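Open the model in your viewer and keep the selection tool at hand.

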Amino acid sequence: MSNSSSRKQDKPYKVQANLDDLLGAETISSSQKLPLTMIALPESQPRRYFDPEKLDQLAESIKTYGVLENLLVRPLSEQDDKYELVAGERRYRAAKAAGLTEVPVSIRDLTHEEALEISLIENLQREDLNPIEETEGILSLLSVRLQKPVSQVILLLYQMLNARTGKITNNVISNDQSTLVQAIFQEVGCMNWESFVSNRLPLSLIHISEPT
């Protein structure tokens, strides 16, 4: 087993969701090439930092072997000749740095919410996430799935913990919401929601920003 695989397995957050099975969106094109000029970055992006050294290494690899994994894009209905990047921003940036003018893509007909969800799942699969990034990613995913602002998601999680410890009654919380939260944590494959609320949430409350 490689060191990289070992590090990934040791991480408290091991995303189990399969991006291909995550959503039932129609695949418009399984594989084709698009000019980089036709691909736009989304306004809200879960990933904020890219290691310059690793990006340079990927760019050098792309110069030699090309882009080996398709970028995932969705058509922008308001712009016939433009597509929004859903997953693969690191490959997108490295391809530009390598001097490529076009990249292989898979095109899927996704809504804004579906695209954001896939982007969040892909981001949580990264090996170099720090605890704050992981916590923000999970809260953003909960926000999308529950259709609540992050601030309300945080309140719900604390209410669930207080109900579990007997500080408040269970009838304060919707059973549907509680069940969905537990299902999301099981799907993502991270620590259970109680540990997340107790150990991770207090570390990053001041850093949380709501997805747009």
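Start by selecting Leu139, Leu142, Leu157, Val181 and Phe196: these have the most contacts inside the largest nonpolar core, which has 28 residues. A nonpolar core here is a set of buried Ala, Val, Leu, Ile, Met, Phe, Trp, Tyr and Cys residues joined through side-chain atoms within 4.5 Å; buried means under 20% relative accessible area with a 1.4 Å probe, protein chains only. This is a predicted model, in which local features need pLDDT of at least 70 and side-chain atom pairs count only at pLDDT 80 or more, while totals for chains, interfaces and linings use all residues. Residues are numbered from 1 along each chain as its sequence is written, and side-chain values use heavy atoms, without hydrogens and water.

Next, colour helix 5 (112-124), helix 6 (131-146), helix 7 (150-164), helix 8 (175-188) and helix 9 (193-204); each supplies at least two residues of this core. Helices are DSSP runs (H or I, at least four residues), numbered from the N terminus. Helix 7 gives the largest share, eight residues.

Now centre on Leu157. Beyond its neighbours within four places in sequence, Leu157 is in contact (heavy atoms within 4.5 Å) with Leu139, Leu142, Val181, Trp193, Phe196, Val197 and Leu201. For another core, apart from this one, select Ile62, Leu71, Leu85 and Ala94, which are among its 20 residues.

Last, show helix 6 and helix 8. Their axes (lines fitted to C-alpha atoms over the stretch in contact, with angles from 0 to 180 degrees between N-to-C directions) are 11 Å apart, at an angle of about 135°. Residues meeting across this pair include Leu142 and Arg145 in helix 6, and Val181 and Glu187 in helix 8.

Terms used: Buried < 20%, exposed > 50% of the residue type's maximum accessible area, 1.4 Å probe, protein only.
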